[in-house]
Protein chains: 2
Amino acid sequence: MELVRIYECLCDVTRLRLLHVLGQGPLCVCHFQAVLDEPQVKISKHLAYLRERGLVEATREGKWMVYALPAKVAPELRANLACLQDCVRENPVFRHDLARLRRLAPQPPAAGSCGCGSMARSRTRGTKTLSS
Amino acid sequence: MELVRIYECLCDVTRLRLLHVLGQGPLCVCHFQAVLDEPQVKISKHLAYLRERGLVEATREGKWMVYALPAKVAPELRANLACLQDCVRENPVFRHDLARLRRLAPQPPAAGSCGCGSMARSRTRGTKTLSS
DNA sequence: GCCACGTATTCCCTGAGGAGAATATGTCGG
DNA sequence: CCGACATATTCTCCTCAGGGAATACGTGGC
């Protein structure tokens, strides 16, 4: 069942958040880190998971990997993504993600720049490596 | 995340089939066995799984346990069940389940009878215990 | 060629979950 | 009380998934 593979992808909050944010447009990993405030390895692994199963596609932009929903989305996936967007519309976590996304990139990141360098020093984790 | 719990329930074909069939109305375990053609333990465990997570409710009818979608379904669940019904509409397995369901119970099983006794000797599994 | 940066992969540990066989529980009819 | 039936639970085995730390890889700048 193809459908089951999709649901397996939706079984994790991190992945839900990734997909939800991707609904707004393509994004690079460091942006995801900043938006979700989760460690790099976590983001990266979940994106790999989604990629293996074809829920997202990745393209290299210089040093950055930009992830996006595939150009042609299967109907079942499309339906479920719509359903997801609908279900989390009022959820604080997901709203917060969108808020941070907009704060980071008022306009969609232009290909080739990504803007990652200019923003939030992506700390590796709660390790207070900063301001110490 | 409440939503994640729902998706976890949708990660297994057997459970998808159970929920799909339940969309047609309440059903007892032996009917499920006949409709899905799966062993008793499998059906039973997956129903228990769904029940723990509140996706289905169970009531005893004499010797039979009748499972049904809960009276009040949470909006997220409702949305996802609708999405599911939509996604599997053309899937052979799920269509087949519905076909067998209709063949077994042209009219919804009356509470108190269940009709289980009158129908398909529910074999425990592919074990050819019958006609030998 | 080396370094810094962004990202992916590996390793290790832990826990969940699916399958089946066997067994237990609950309910009814006698 | 016993036996038949419907269903649930337990046990064992196995695979997969998640988390984090450490490390590898790829790219661009000097």
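Two residues count as in contact if their C-beta atoms, placed from the backbone, lie within 7 Å. By that rule, 17 residues of chain A are in contact with 17 residues of chain B.

## How the two chains meet

On chain A, the side that touches chain B draws two or more residues from each of helix H1 (2-9), helix H2 (13-22) and helix H5 (75-88). Helices (H or I, at least four residues) and strands (E, at least two) are DSSP runs here, numbered from the N terminus. H5(A) gives the most to this side, with seven residues. By class, it divides into twelve nonpolar, one polar and four charged residues. For the classes, Ala, Val, Leu, Ile, Met, Phe, Trp, Tyr, Cys and Pro count as nonpolar, Asp, Glu, Lys and Arg as charged, and the others, Gly among them, as polar.

A quick note on what you're looking at: this is a predicted model, where local features need pLDDT of at least 70, side-chain atom pairs count only at pLDDT 80 or more, and totals for chains, interfaces and linings use all residues. Residues are numbered from 1 along each chain as its sequence is written, while chains are lettered from A and ligands numbered from 1 in the order in which they are written.

## Symmetry

Chain A superposes on chain B through a rotation of 180° with 0.0 Å of shift along its axis, at an RMSD of 0.0 Å. That is the relation of a two-fold axis. In chain A, the C-alpha nearest the axis belongs to A:Tyr7, 2.9 Å from it. The superposition is by least squares on the C-alpha atoms of residues with pLDDT of at least 70 in both copies.

The interface tells a matching story: 100% of the interface residues of chain A are also interface residues in chain B, so the copies meet through the same surface.

## Chain A in outline

Chain A has six helices and three strands, and reading along the sequence gives α-α-β-α-α-β-β-α-α. Of its 132 residues, 33% are buried. Buried here means 20 or more other C-beta atoms within 10 Å of the residue's own; 12 or fewer makes it exposed, and in between it is partly exposed, with C-beta atoms placed from the backbone. Among contacts in chain A between residues at least 6 apart in sequence, 68% join residues at least 24 apart.

Two residues make a handy pair to look up. A:Leu22 sits in helix H2 of chain A and is partly exposed, with 19 other C-beta atoms within 10 Å. Leaving out residues up to four places away in sequence, A:Leu22 touches A:Leu27, A:Val56, A:Tyr67, A:Ala68 and A:Leu69. A:Leu22 and A:Val56 are 34 residues apart in sequence and 8.8 Å apart in space, C-alpha to C-alpha. A:Glu90 is also 34 residues from A:Val56 in sequence, with 24 Å between the C-alpha atoms. A:Glu90 lies in the loop between H5 and helix H6 (92-104) of chain A, and is exposed, with 9 other C-beta atoms within 10 Å.

## The DNA strands

Around DNA strand C there are 28 residues, of which A:Cys28, A:Val29, A:Cys30, A:Ser44 and A:Trp64 come nearest. A residue is near a strand if its C-beta atom, placed from the backbone, lies within 6 Å of it. Two or more residues come from each of helix H3 (29-36), helix H4 (40-52) and strand S3 (64-68) of chain A, and from helix H4 (40-52) of chain B. H4(A) gives the most, with six residues. The surface near DNA strand C has 14 nonpolar, six polar and eight charged residues.

DNA strand D is surrounded by 27 residues, the closest being B:Cys28, B:Val29, B:Cys30, B:Ser44 and B:Trp64. At least two residues each come from H4 of chain A and from H3, H4 and S3 of chain B. H4(B) gives the most to this surface, with six residues. The split by class is 14 nonpolar, six polar and seven charged.

## A look at H4(B)

In H4(B), the buried residues are B:Ile43, B:His46, B:Leu47 and B:Leu50. They cover an arc of only 105° around the axis, which puts them on the same side of H4(B); the arc is that of the directions from the helix axis to the C-beta atoms. These buried residues pack against helix H1 (2-9), helix H2 (13-22), helix H3 (29-36) and strand S3 (64-68) of chain B. The face turned away from the buried side carries the exposed residues B:Val41, B:Lys45, B:Ala48 and B:Glu52. H4(B) is followed by B:Gly54, whose phi is positive, near 75°.
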